Amino acid sequence: MIDHSSPKLVNTEEIEFELSLRPQRFNEYIGQERVKSSLDLAIRAAKKRNQPIDHVLLYGPPGLGKTTLAQVIANELGTSIKITSGPAIEKAGDLAAILTNLEQGDVLFIDEIHRMPRQVEEILYSGMEDFVLDIMLGKGPSAQSVRVDLAPFTVVAATTKYGGLSAPLRDRFGLIHHLDFYSESEIASILERSSKILQVDSERSVLEVLAGRSRLTPRIANRLLKRIRDYADVHGQGRATPDIVRDCLDLLEIDSLGLDKRDRRLMKVISEYYGGGPVGLSALAATMHEETQTIEDVYEPYLMQIGFIKRTPRGRSLTSKGEDYIKLVLP
């Protein structure tokens, strides 16, 4: 059960819209086998002891299933999950309101935990370690510290910047897992499951083509599948044929590697403005009129995964493969 009752808990339209596509159990969750095995073992042991599992930290590029995995953990534990994010918890009182409303064994999912304010983060320490909340009442010489007992709970946190977490916060997680990019066959299997839920009429071979253009990321794969469904309903009597998929992806300007016009623009800027690099992240972001976090979290991971750009001590550079791609696609 997902609880959005707190005013500081996230209730995004995207979460509600994609809920039907999200697997509910480990046996429905495709990929990340090593992570699933470790979490399944921890959950089984915790249930035998009738205790909450250790706090879980999931890190990796966006769209790989961190939120979904948090919901699966709660379902496997048979408890409720409350969802919030680091930027949404602005004050210590916001966190206190969430923690005091948790029940025995609940899962608290904190997305983008690296963006949680430091003063709020310090309040979370005692809650995670001792299941207590220390609150200061009043100011100055008359200030008093009040300790509130909390029901035992599990924090499942997600971040795209593992290095952005403070050492004291990282140390309070007993289970730390990195989520890797998926293989094309795993993405095709995810699309096969999603196509049945969305009632998209397509063959496995068509889904494999779509998987090859999904940047090895389930969120992008499902997003493209929805666009294919729309295009097929209008132009293909509801059936996703190879021609329908090709025409739709051409309309979206997504090439055979899954790169879109924003990816190509980033590489073009490095190539034409900065001679292939290296170029500092701030300069690159300013030239593209993008935020540095967008470049780091959205563009870079996949371009580095396929070997088109690299990070150096002096900044970002195109690799020889990236240069060849630019010369071929953008003469």
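Predicted model: local features only at pLDDT ≥ 70, side-chain atom pairs only at ≥ 80, totals over all residues.
View 1. Helix α12 spans residues 281–288, and its buried residues are Leu-281, Leu-284, Ala-285 and Met-288. Seen down the axis of α12, these buried residues fall within an arc of 100°, so they line one face of the helix. On the other side of α12, Ser-282 and Ala-286 are exposed. After α12 comes His-289, a residue whose phi is positive, near 60°.

View 2. His-178 is 15 residues from Arg-193 in sequence, and the two are 24 Å apart in space, taken from C-alpha to C-alpha.

**View 3. The largest pocket and its lining.** The largest pocket has a volume of about 1200 Å³. It is lined by 46 residues, of which Pro-62, Gly-63, Arg-219, Arg-223 and Val-298 are the closest to its centre. Two or more residues of this lining come from each of the helices α1 (13–18), α3 (66–77), α9 (218–235), α11 and α13, and likewise from each of the strands β3 (81–85) and β4 (107–111). Helix α13 gives the most to the lining of the largest pocket, with seven residues. Sorted by class, the lining of the largest pocket holds 18 charged, 16 nonpolar and twelve polar residues.

**View 4. The second largest pocket and its lining.** The second largest pocket has a volume of about 290 Å³, and 15 residues line it. Nearest the centre of this pocket lie Pro-61, Thr-160, Glu-296, Pro-301 and Arg-311. Here too α13 gives the most to the lining, with five residues, as α13 also does, with seven residues, in the largest pocket. The lining of the second largest pocket divides into six nonpolar, five polar and four charged residues.

Definitions and conventions
Residues numbered from 1 in each chain as written. Heavy atoms only, no water. Buried < 20%, exposed > 50% of the residue type's maximum accessible area, 1.4 Å probe, protein only. Helix = DSSP H or I, 4+ residues; strand = E, 2+ residues; numbered from the N terminus. Arc of directions from axis to C-beta. 1 Å grid on protein atoms, 1.4 Å probe; cavity = no way out; pocket = protein on both sides within 12 Å on 5 of 7 lines; lining within 4 Å. Points joined across faces, edges and corners; volume = space filled by probe spheres on them. Nonpolar A, V, L, I, M, F, W, Y, C, P; charged D, E, K, R; others polar.
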